[in-house]
Amino acid sequence: CCPAGEGWYGILERLNAGEVVIGDGGFVFALEKRGYVKAGPWTPEAAAEHPEAVRQLHREFLRAGANVMQTFTFYASDDKLENRGNKLTFTGAQINEAACDLAREVANEGDALVAGGVSQTPSYLSCKSETEVKATFKKQLDVFIKKNVDFLIAEYFEHVEEAVWAVEVLKETGKPVAASLCIGPEGDMHGVSPGECAVRLVKAGAQIVGVNCHFDPLTCVKAVKMMKEAVEKAGLKAHYMVQPLAYHTPDCSCQGFIDLPEFPFGLEPRILTRWDMHKYAREAYNAGIRFIGGCCGFEPYHIRAVAEELAPERGFLPAASEKHGNWGAGLEMHTKPWVRARARRDYWENLKPASGRPLCASLSVPDGWGVTRGHADLLQQKEATTKDQLKQLFDRSKTH
């Protein structure tokens, strides 16, 4: 991926050339379903404990069309690894190094880049100082520099202030920096608009800005449109990225799917189909977004759908399309004639999938308790949550 005479063909070179860069999917959710990640901590020790599982998932996303392999380092800061009694047999550095090695191994099997990522920290929620929070990022960053990742992502930040701090630390490396907030059109948890968030991140040094997680694809695309408009109005320049959920979230409040009563174990009825992903990819592309990927709920077939929708712009289909006919064309080979009749685009584009649940509501009432950084309920701890602490939460939930 290094054109003659052009030198290293990294993330900025690709985006500057107008290429579509496709990200991978949500590793913590995908690996939790496969039995390698514990819901609750959502930490990535599987990179060291079960490298074969992480390697295989990277390969599936690569085959599906992703050309960014994000290191499986989500929530791998030391303070998060130790949060609420989470017992680990590996250090944060060991997990992060193993994740970098796995991502690089698979990226080298195709035309892919390796992105090292940092995320929001319990230290910030507990109101620790800027110096302390930045030191947490710096510890992860040391591993990314040692392993020479291709670029860096500050992702999954609910508060733009913490994201700015992360960008300021990441920029010190001289590597390209992307910044991605887990916010919707209402803005961050203190009400800072998506546009203002983007302007602050670009001024801090991020060359790519956008959103990831917490909301469905079209909601995330809407938020990135707001970012793009504000950045351009401010006379600044940036590239844009979007890596949403693979779940429908029309009923979410400002904190997104975490507030849904189905989170995290009952979300399956909300999963987007591959055909929904075609629409998402086209909407994102038409909005001027060129780094298009996924987060929680995204499986490789979702990324394959994104890659297939954008094949005309990219100039090729992913390897996984060898086993997938365009718009259901493979069904032409089915034994049943009524299934063969579904081998057409208009059938799948106009389908209204049923839930199969006669008493299932179409929407939920979010649980949002209206707390964020600075509230006593969000002070984090290293000790396991006690039964008394849990009882207080159980009792409180009955009143909401």
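I began with α9 and α10, which come out as roughly parallel to each other, because the angle at which they pack is about 20° and angles under 35 degrees count as roughly parallel. I noted that this is a predicted model. The pair is made of residues 160-171 for α9 and 194-204 for α10, and I found their axes 9 Å apart. The crossing of α9 past α10 is right-handed.

I then looked up which residues make this contact: from α9 I listed Val160, Ala163, Val164, Val167, Glu168 and Lys171, and these meet Cys197, Arg200, Leu201 and Ala204 of α10. Sorted by class, the contact of α9 with α10 holds 7 nonpolar and 3 charged residues, with no polar ones. I set beside this the general point that an α-helix has 3.6 residues a turn, so residues three or four places apart point the same way.

Next I turned to α12 (residues 274-286) and α13 (residues 300-309), whose axes lie 8 Å apart and whose packing angle is about 45°. On the α12 side, the residues in contact are Arg274, Met277, His278, Tyr280, Ala281 and Arg282, while α13 brings Tyr301, His302, Arg304, Ala305, Val306, Glu308 and Glu309. By class I have 6 nonpolar, 2 polar and 5 charged residues for the contact of α12 with α13.

I stayed with α12 to ask which of its residues are buried. The entry reads Trp275, Met277, His278, Tyr280, Ala281, Ala284 and Tyr285, and among the elements that cover these buried residues I found α11 (217-233), β7 (239-243), α13 and α16 (345-349). I also checked the length of α12: at 1.5 Å a residue its 13 residues should span 18 Å, and since its end C-alpha atoms are 19 Å apart, I took the two values to agree. Just after α12, I noted that glycine 288 has a positive phi of about 90°.

Last, I made the length check on α8 (residues 130-146), where 17 residues at 1.5 Å each should span 24 Å, and the end C-alpha atoms are 24 Å apart, which agrees. The buried residues that I listed in α8 are Val133, Thr136, Phe137, Gln140, Leu141, Val143 and Phe144. Following α8, asparagine 148 also has a positive phi, near 55°.

Terms used:
Residues are numbered from 1 along each chain as its sequence is written. This is a predicted model: local features need pLDDT of at least 70, side-chain atom pairs count only at pLDDT 80 or more; totals for chains, interfaces and linings use all residues. Side-chain values use heavy atoms; hydrogens and water are left out. Helices (H or I, at least four residues) and strands (E, at least two) are DSSP runs, numbered from the N terminus. The expected span of a helix is 1.5 Å times one less than its number of residues. Buried means under 20% relative accessible area, exposed over 50%, partly exposed in between (1.4 Å probe, protein chains only). Axes are lines fitted to C-alpha atoms, for helices over the stretch in contact, and angles run from 0 to 180 degrees between N-to-C directions. Contact means heavy atoms within 4.5 Å. Ala, Val, Leu, Ile, Met, Phe, Trp, Tyr, Cys and Pro count as nonpolar, Asp, Glu, Lys and Arg as charged, and the others, Gly among them, as polar. Angles under 35 degrees count as roughly parallel, over 145 as roughly antiparallel, 65 to 115 as roughly perpendicular and the rest as oblique. A crossing is left-handed if the near helix is turned anticlockwise from the far one by less than a right angle, and right-handed if clockwise.
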